[in-house]
Amino acid sequence: MQLPVQKQILYWGGALVVLLLALWGVGNAVMPFIMGAAVAYLFDPLADRLERLGLSRTAAVVILTLCGLLLVVALFLLLVPVLVRQTTALIETAPEMFQRLQLFLMTRFPEIFTEGSPVNSALSNMGQQISERGGQLVSTVLGSVMGVVSMVMLIVIVPVVAFYLLLDWDNMVDRLDELLPRQHAGTIRHLGHEIDAALSGFVRGQGMVILILGTFYSVCLGLIGLPFGIAIGVIAASLSFIPYVGVLVGGATAIGVALFSFWGEPVWIGAVIAVFVLGQIVEGNYLQPKIVGGHVGLHPVWLMLALTVFGTLFGFVGLLIAVPAAAALAVLVRFGVARYKESALYTGREVPSPPAPPTMVELVPRGTTERARQLAQMSRDVAVAQIHREEHLAHLLEKHQHRQQAGEIPDAEGPPSPSELWTEARDSLRGKDD
């Protein structure tokens, strides 16, 4: 006797709630393990490629681990101190830049920016708020990374966890596949492949875009001599996963700093503007289409919502799991919508249920039961297609009637036949293409 679907949903839903409660309870203590799992997931395709080149799994993992450690050490020695120092200095300088902007606007537009006017007060408050909130943000992030979980844990635990998970990644995937509920194993595998495609496409592709843009912006702004150029370039590149937000925030900040630093030298101000214009052109026409492509399926608004919700609920750990959770939820929502459109709740008609798997010993020649199940599945697919065709014909008929009422086509004697509707729809599409 099969377990009812309602009970299966209840059991698996309860397991998910227990997992979320456990994640919320352990808090930042589990962060090194999540980071190690994320590193292993990101480097698994590289390990597989090295295996195909002839290396053993152990040798491939050792090489990738050493390269990753060298990269992290180089970043912490060269980039992180400069980035923290410039970001802190930029936040501390913000009130002074807003005061300069306030004096400039009061000089040019005295009738609007008078002393005590709402606009004038808003500018003053904005600079003060940026200084206070920015300082709190930097201290919170640094406190989450370096205070709650010490640097020793990050340096030791993350590489060790990543090493062992990467070494045994394929075996773990096979063992998880064995634990899938047999009744829904095929569906779960299909959803898992879609989640993996969405997540890997976004993380690996967008990560490469961010790395290229961050290097381009930082190097160009540094060559121009713009103060805080590295921090501004990293901020603009980090926000580039949201269309136009990265270039707008980074460009506005860079132009504001350029006006503050290069006032009276329009050549350098124009050079700063040209850097962000060129970066936007390269990103939109080459980096995004070539590296990320159109198969990701993670809408920026959906991603921002996931970051906000998971960051609020689970803190820094929530930010780490927000992207995988957003990818999984997006795939599950699309799967649910597809099932809804096939259901009687959407079509208004009872759809034949899928054929049940065989539950008795097959005493007939091999393949007979499988053939019967295939015929039953084909019958169900034909019934669903017929329902969709009738719905489409009803939509075409309604559209035809609207066009008659609008006078686009002459009134006909009686309703048109299905073949006439299809011919009319085809001619309409050809007319649009022409």
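**Helices and aromatic rings in a predicted model**

Student: Which residues does UniProt list as "transmembrane region"?
Tutor: The listing comes from an unreviewed UniProt entry. UniProt positions follow the numbering used here, feature names are shortened, and annotations may be inferred rather than shown by experiment.

Student: How far apart are the end C-alpha atoms of residues 55–80?
Tutor: Helices here are DSSP runs (H or I, at least four residues; strands are E, at least two), numbered from the N terminus. Residues 55–80 are 92% helix and 0% strand. Their end C-alpha atoms are apart by 34 Å.

Student: And how far apart are the ends of residues 267–282?
Tutor: This span is 100% helix and 0% strand. Its end C-alpha atoms lie apart by 22 Å.

Student: Is Phe228 buried or exposed?
Tutor: Phe228 sits in the loop between helix H7 (185–224) and helix H8 (229–238). Its phi is near 60 degrees, a positive value in a residue other than glycine. Buried means under 20% relative accessible area, exposed over 50%, and partly exposed in between (1.4 Å probe, protein chains only). Phe228 has a relative accessible area of 16%, so the answer is buried.

Student: How many aromatic pairs does the structure hold?
Tutor: Rings of Phe, Tyr and Trp (its six-membered ring) pair if their centres lie within 6.5 Å. Planes under 30 degrees apart count as stacked, over 60 as edge-to-face and the rest as tilted. The number of aromatic pairs in the structure is four.

Student: Why is the pair of Phe216 and Tyr217 called what it is?
Tutor: The ring centres of Phe216 and Tyr217 are 5.7 Å apart. Their planes meet at 55 degrees, so the pair is tilted.

Student: Which parts does the pair of Tyr217 and Phe276 tie together?
Tutor: Tyr217 and Phe276 are stacked, 4.7 Å centre to centre with 20 degrees between the planes. Tyr217 is buried at 2%, and Phe276 is buried at 5%. The pair ties together parts 59 residues apart in sequence, because Tyr217 lies in helix H7 and Phe276 in helix H10 (residues 266–292).

Student: Which residues form one aromatic cluster?
Tutor: Phe216 is partly exposed, at 26% relative accessibility. The cluster is formed by Phe216, Tyr217 and Phe276.

Note on methods
Residues are numbered from 1 along each chain as its sequence is written. This is a predicted model: local features need pLDDT of at least 70, side-chain atom pairs count only at pLDDT 80 or more; totals for chains, interfaces and linings use all residues. Side-chain values use heavy atoms; hydrogens and water are left out.
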